[in-house]
Amino acid sequence: MFVRQQLVLKFSSLVNKLYYRTMKIRHFNALKDNYMYLITDDKTTECAVVDPAEPKELVETIKKEGLKLTTILTTHHHYDHAGGNNKMLELMGAEKGQIKVVGGDESLQGLTHPVEDNEKIQIGELEVTCLLTPCHTAGHVCYLVTDKQQQAVFTGDTLFIGGCGKFFEGSAAQMQSSLQKLAGLDPKTLVYCGHEYTKTNLEFAATVEPDNQDLKAKQASLKSVTIPSTIGDELKFNPFMRTNQKSVQAFTGKADPIECMGELRERKNKF
Ligand SMILES: [Zn+2]
């Protein structure tokens, strides 16, 4: 009996290794309210970081755990996201080109690997799909990372929990199509954004849709760290993901989703 149990255990751990989740995601705080991320493929110990603006703690963790950093994923060129790339490479003691610096903007600090929309890269056995999401910046990229069990999207300053980024280098039409691209992902996709802005975003959302019960429930359950969200949840309460809803259109007085997006942003800027 004992032997049989042991065999079953061994078999199930083998199945786990072969088929089940190997993606591990950890967040680190940077600057005032930025999030940096460490994504590890547990199976190969290869890892990537997202927007390492203040890389010291990330590097310490990677070295302490003996992980192999292969990739720096950069969402966009703003200093609080891309400004630590060279420091990260320096602290890792990496030779030139040894660690890929990925992004969608030629001006990105340390860039070695400019990507196109839907381009795929690997972190160990994790697959990363680069989603171009222009508007906050023209070369903004979101990264969809998946193992065989779950997927997560790193949204930088395009999609926040309950909100979206400012339109610094793009139009309302671009933000609408960028957010709709994210809206089309599996609703279970975990959302890891670039800043902790959730509380204020939801306060604004409550002025847009005061009767939204999902929004009320979300506000009631908020903790100090609000990541991750999911695409499915954002579709329920994030007004910028809901520009096709009558309630949001009524608030802005715009029935066209793109005009609704533009008006929402204007009002949020003044909020
Ligand atoms: Zn930014």
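## Briefing: sheet, helices and cysteines

Helix α4 (residues 85-92) lies across β3, β4 and β5 (100-103). Its direction makes about 170 degrees with that of β4. The model is a predicted one. The strands belong to an open sheet of 6 strands with mixed pairing. The structure holds 0 disulfides.

**The sheet**

- The strand order is β1-β2-β3-β4-β5-β6.
- β1 and β6 (113-114) stand at the edges. Each has a single partner strand, so one side of each is left without a neighbour in the sheet.
- Strands of a sheet pair through backbone hydrogen bonds, either parallel or antiparallel.
- Strand β3 (residues 46-50) and strand β4 (residues 68-73) pair in the parallel sense, over 5 bridges.
- Val50 has Leu73 in β4 as its bridge partner.

**Helices on the sheet**

- Helix α2 (residues 56-64) packs on the sheet. This helix touches β1, β2 (34-41), β3 and β4.
- The direction of α2 makes about 15 degrees with that of β2.
- Helix α4 runs at about 170 degrees to β4. Besides β4, helix α4 lies across β3 and β5.

- Arg26 sits in strand β1 (residues 23-30), and β1 is one of the edge strands.
- The side chain of Arg26 makes a polar contact with the side chain of Glu65, at 2.8 Å.
- Leaving out residues up to four places away in sequence, Arg26 touches Met36, Tyr37, Leu38, Thr40, Thr61, Glu65 and Leu67.

- The cut-off for buried is under 20%.
- Cys193 is in no disulfide either. Its nearest cysteine sulfur, that of Cys142, is 11 Å away.
- Cys193 is buried, with a relative accessible area of 1%.

**Annotated domain**

- UniProt, in an unreviewed entry, lists residues 33-195 as "domain: Metallo-beta-lactamase".
- Over residues 33-195 the chain is 20% helix and 34% strand.
- The end C-alpha atoms of residues 33-195 are 5 Å apart.

Terms used:
Residues are numbered from 1 along each chain as its sequence is written. This is a predicted model: local features need pLDDT of at least 70, side-chain atom pairs count only at pLDDT 80 or more; totals for chains, interfaces and linings use all residues. Side-chain values use heavy atoms; hydrogens and water are left out. Helices (H or I, at least four residues) and strands (E, at least two) are DSSP runs, numbered from the N terminus. A polar contact is a pair of N or O atoms within 3.5 Å; within protein, one must be able to donate a hydrogen and the other to accept it, and residues adjacent in sequence count only if both atoms are side-chain atoms. Contact means heavy atoms within 4.5 Å. A disulfide is a pair of cysteine sulfur atoms within 2.5 Å. Buried means under 20% relative accessible area, exposed over 50%, partly exposed in between (1.4 Å probe, protein chains only). Two strands pair if DSSP finds at least two bridges between them. Axes are lines fitted to C-alpha atoms, for helices over the stretch in contact, and angles run from 0 to 180 degrees between N-to-C directions. UniProt positions are given in the numbering used here, feature names are shortened, and annotations may be inferred rather than shown by experiment.
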